[in-house]
Amino acid sequence: LAKDNTRVEFTDVEILNSRSKISFGVIKLGVTSRAKLLRVNITGAITEGSAIYMQGGSELTVDRCRFEDNRVTFVDAAYTGVIAVAGAATASIQNSSFISNIGRKTAGIEVLDR
């Protein structure tokens, strides 16, 4: 969880088989947070909502990452993609793969206006 005004960077990281019982899974960005993921693999996450959730004015840069075999388990989850971009959040995603993910509405990237 990155609180407001936080900046985090993940490089050459593997996040395997994580489990979450809250609405958002592996990474949640606060309203004014910034995160950069470079060569990050998120595999086998089982969450009640998105593996990565961004809101407000948060910013996310994803490059050379792999999102594979991630599942959203909560039937009424509001955010169901591997990456959920909500409100005025900004995401830049390049050179990345989304493979065999399962979500209720989307299984990759979900862009919401709230």
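These are my notebook entries on a few features I looked up in this predicted model.

**Ground rules.** The model is predicted, and I kept to its conditions: local features need pLDDT of at least 70, side-chain atom pairs count only at pLDDT 80 or more, and totals for chains, interfaces and linings use all residues. Residues are numbered from 1 along each chain as its sequence is written, and side-chain values use heavy atoms, with hydrogens and water left out.

**Strand pairing.** Strand E3 (residues 34–43) runs parallel to E6, and five bridges join them; strands pair if DSSP finds at least two bridges between them. Strand E10 (residues 90–94) also pairs with E6 in the parallel sense, over five bridges.

Which residue in E6 is the bridge partner of Lys 36? I found Thr 61. I then followed Thr 61 into E10, where its bridge partner is Ser 92.

**Positive phi.** Next I looked at Asn 17, which has a positive phi of about 55° although it is not a glycine. I located Asn 17 in the loop between strand E1 (7–16) and strand E2 (27–29). Is Asn 17 buried or exposed? Asn 17 counts as exposed because its relative accessibility is 51%; the cut-offs are under 20% relative accessible area for buried, over 50% for exposed, and partly exposed in between (1.4 Å probe, protein chains only).

Ser 100 is not a glycine either, and its phi is a positive value near 55°. I placed Ser 100 in the loop between strand E11 (97–99) and strand E12 (109–112).

**An aromatic pair.** I searched the whole structure and noted one aromatic pair. The rings of Phe 67 and Phe 98 have their centres 4.9 Å apart and their planes at 15°, so I wrote the pair down as stacked. For such rings (Phe, Tyr and the six-membered ring of Trp), centres must lie within 6.5 Å; planes under 30 degrees apart count as stacked, over 60 as edge-to-face and the rest as tilted.

The pair links distant parts of the chain: Phe 67 sits in strand E7 (residues 66–68) and Phe 98 in strand E11, 31 residues apart. I also checked accessibility: Phe 67 is buried at 0%, whereas Phe 98 is partly exposed, with a relative accessible area of 29%.

**One more residue.** My last stop was Ile 109, which lies in strand E12. Ile 109 counts as partly exposed because its relative accessibility is 38%.

Methods
Helix = DSSP H or I, 4+ residues; strand = E, 2+ residues; numbered from the N terminus.
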